[in-house]
Amino acid sequence: MRVQSSATAPVAIAVDSRPSRATGTLLAALGVVAFSLTFPATAWGLEGFGPWSLVAVRSVLAALIAGACLLALRVPLPDRRHRAGLAVVAAGVVVGFPLLTTLALQTSTTAHAAVVVGLLPLTTALLSALRMGTRPSRTFWTAALAGAAAVIAFTVQQSGGALTTADLYLFAALLVCAAGYTEGGRLAGVMPGWQVIGWALVLCLPFTLPAAVLALSYEPVHLTFHSVSGLLWVAAGSQFLGLVVWYRGMAAIGIPKASQLQLAQPLLTLVWSVLLLGEHLTAAAPLTAAAVLVCIAVTQRARG
């Protein structure tokens, strides 16, 4: 009996360490709220920082926060078998998505970017299906293509008949971020979610720190309330805390269920763009966002 008790104890501890589904849903929803503020905060940050400076400095600040937490809690280095996955998270979430979207927001409105990035839940579900080896149904693929067509039609219509450089940046951002979310969600099933993003940020520090020094020496800086507030939010809120609760929630409820919650992200960003930036929305923006929402909802139901 002793052997059986000692053998089952670690299993109980492992199960208890995960949040409940209700808590996981709440955590993932908090992550979505944090992400919905990223584009408006980036637009504020660009008022005082160049695009390369903003991306590099936000990554350095987030890495310092993460590193301090890892050091204070004496978290051991991740296993070698997890480091390739952490590199994917770092490339997609820490560097790729922030850089590509920041470059896009130099010439694109946050409302336009929010609609295009509204395909992120769908892209994440697609890459998750490929990564996990599942076979989505025909309904899934039909809705996926319909959502992609709606976003492409919107971007072409908004840009006068052709895709702009900003649109290309945004579509590339979709792919790298979805890869980072998928790999991060997988890793969050075997290690705490905050350690996933924490180690990914620290992994990038040898590159982002010299990049920040170099960018700040070339790009002018104008410190204002908006620029500093935007920088602090994208560093602490979007880059670290938002991803901490997002990966924690994703591990509890699964990647497909968590991606459902991101349906609200484009609509929330549209609201923030009006309230915080004073942008005026065309009728096409909320209509396209709603169409994408419907398409993604169908894909999620099709995935079961």
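Predicted model: local features only at pLDDT ≥ 70, side-chain atom pairs only at ≥ 80, totals over all residues.

The largest pocket has a volume of about 190 Å³. Which helices supply its lining? At least two residues come from each of α7 (120-132), α8 (138-158) and α9 (165-187). The biggest contribution is from α8, which gives 5 residues to the lining of the largest pocket.

As for names, the lining includes L119, L122, T123 and L126. W141, A144, L145, A148 and I152 also line the largest pocket, as do F171, L174 and L175. By class, that lining holds 11 nonpolar residues, 1 polar residue and no charged ones.

Now the helix pair. Helix α3 covers residues 38-45 and helix α11 covers residues 225-253. How do they pack? The angle between α3 and α11 is about 140°, and their axes are 7 Å apart. Angles over 145 degrees would count as roughly antiparallel, and 65 to 115 as roughly perpendicular; α3 and α11 are therefore oblique to each other. Their crossing is left-handed.

On the α3 side, the residues in contact are T38, A41, T42, W44 and G45. On the α11 side, they are H226, S227, S229, G230, W233, V234 and S238. The contact of α3 with α11 has 4 nonpolar, 8 polar and no charged residues.

To recap the classes: the pocket lining has 11 nonpolar residues and 1 polar, while the α3 and α11 contact has 4 nonpolar and 8 polar. That is what I have.

Conventions
Residues numbered from 1 in each chain as written. Heavy atoms only, no water. Axes fitted to C-alpha atoms, helices over the stretch in contact; angles between N-to-C directions. Helix = DSSP H or I, 4+ residues; strand = E, 2+ residues; numbered from the N terminus. Parallel < 35°, antiparallel > 145°, perpendicular 65-115°, else oblique. Left-handed = near helix turned anticlockwise from the far one by under 90°. Contact = heavy atoms within 4.5 Å. Nonpolar A, V, L, I, M, F, W, Y, C, P; charged D, E, K, R; others polar. 1 Å grid on protein atoms, 1.4 Å probe; cavity = no way out; pocket = protein on both sides within 12 Å on 5 of 7 lines; lining within 4 Å. Points joined across faces, edges and corners; volume = space filled by probe spheres on them.
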